[in-house]
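Visitor: Walk me through this one, please. Keep it brisk.

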Amino acid sequence: RTITPEVIIDEVEKYYRLSKGSLVSKKRSNDIAYPRQIGMYICRELLEDPSFPKIGEVFGGRDHTTAMHNINKIKEKLNEDPDLDITIKEIVKNIKKG
């Protein structure tokens, strides 16, 4: 299947058992913000046009600097947390298999 930001958002929401549209909402609570950061990171890794402005836009019209900050946060956490790497690989596998 074609990998779009919407597909990635759907799979991250499913993985974290969030209601549809949570990741693009204005909510900033940690139970939504952390999966949103992961979603942005996955977009940066998988999309053909992974520009920060585009990623910010699909995640609820956020600024490109917010997208950049969130993606860098996940990159840092990946160095410290091997479980996060497993989580991201599992979500990516779900995205690719459809």
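**Helix packing and local contacts**

Visitor: Which residues in α4 meet α5?
Guide: On the α4 side, Ile74, Lys77, Leu78 and Glu80. They meet Pro82, Leu84, Asp85 and Ile88 in α5. Contact means heavy atoms within 4.5 Å. Helices are DSSP runs (H or I, at least four residues) and strands are E runs of at least two, numbered from the N terminus.

Visitor: Where does the model come from, and how are residues numbered?
Guide: It is a predicted model: local features need pLDDT of at least 70, side-chain atom pairs count only at pLDDT 80 or more, and totals for chains, interfaces and linings use all residues. Residues are numbered from 1 along each chain as its sequence is written, and side-chain values use heavy atoms, with hydrogens and water left out.

Visitor: Back to α4 and α5. What is the angle?
Guide: About 120°, with the axes 5 Å apart. Axes are lines fitted to C-alpha atoms, for helices over the stretch in contact, and angles run from 0 to 180 degrees between N-to-C directions. α4 and α5 are therefore oblique to each other. The scale is: under 35 degrees roughly parallel, over 145 roughly antiparallel, 65 to 115 roughly perpendicular, and the rest oblique.

Visitor: How do α1 and α5 cross?
Guide: At roughly 125°, and their axes come within 9 Å. That pair is oblique too. The crossing is right-handed. The rule: a crossing is left-handed if the near helix is turned anticlockwise from the far one by less than a right angle, and right-handed if clockwise.

Visitor: Which side chains meet there, α1 to α5?
Guide: From α1: Val7, Ile8, Glu11, Val12 and Tyr15. From α5: Thr87, Glu90, Ile91, Asn94 and Ile95.

Visitor: What about α2 against α5?
Guide: α2 (residues 30-46) and α5 (residues 82-97) pack at about 60°, with axes 11 Å apart. Tyr34, Ile38, Tyr41, Ile42 and Leu46 of α2 make the contact with Leu84, Ile88, Ile91, Val92, Ile95 and Lys96 of α5. This pair is oblique as well, and the crossing is right-handed.

Visitor: Isoleucine 32 is in α2. What does it touch?
Guide: Leu18, Ser22, Leu23 and Lys27, leaving aside neighbours within four places in sequence. Isoleucine 32 and serine 22 are 10 residues apart along the chain, with C-alpha atoms 6.8 Å apart.

Visitor: New topic. How many aromatic pairs are there?
Guide: There is 1. Tyrosine 15 and tyrosine 16 are edge-to-face, 5.2 Å centre to centre and 75° between the planes. Rings of Phe, Tyr and Trp (its six-membered ring) pair if their centres lie within 6.5 Å; planes under 30 degrees apart are stacked, over 60 edge-to-face, and the rest tilted. Tyrosine 15 is partly exposed at 28%, and tyrosine 16 is partly exposed at 25%.

Visitor: Which ring does the charged end of arginine 44 sit over?
Guide: That of phenylalanine 52, 3.9 Å from its centre. The test is NZ of Lys or CZ of Arg within 6 Å of the ring centre and within 35 degrees of the ring normal.

Visitor: What does histidine 64 contact?
Guide: Phe52 and Pro53, leaving aside neighbours within four places in sequence. Histidine 64 is in helix α4, residues 64-80. It is partly exposed, at 34%.

How values were computed
Buried < 20%, exposed > 50% of the residue type's maximum accessible area, 1.4 Å probe, protein only.
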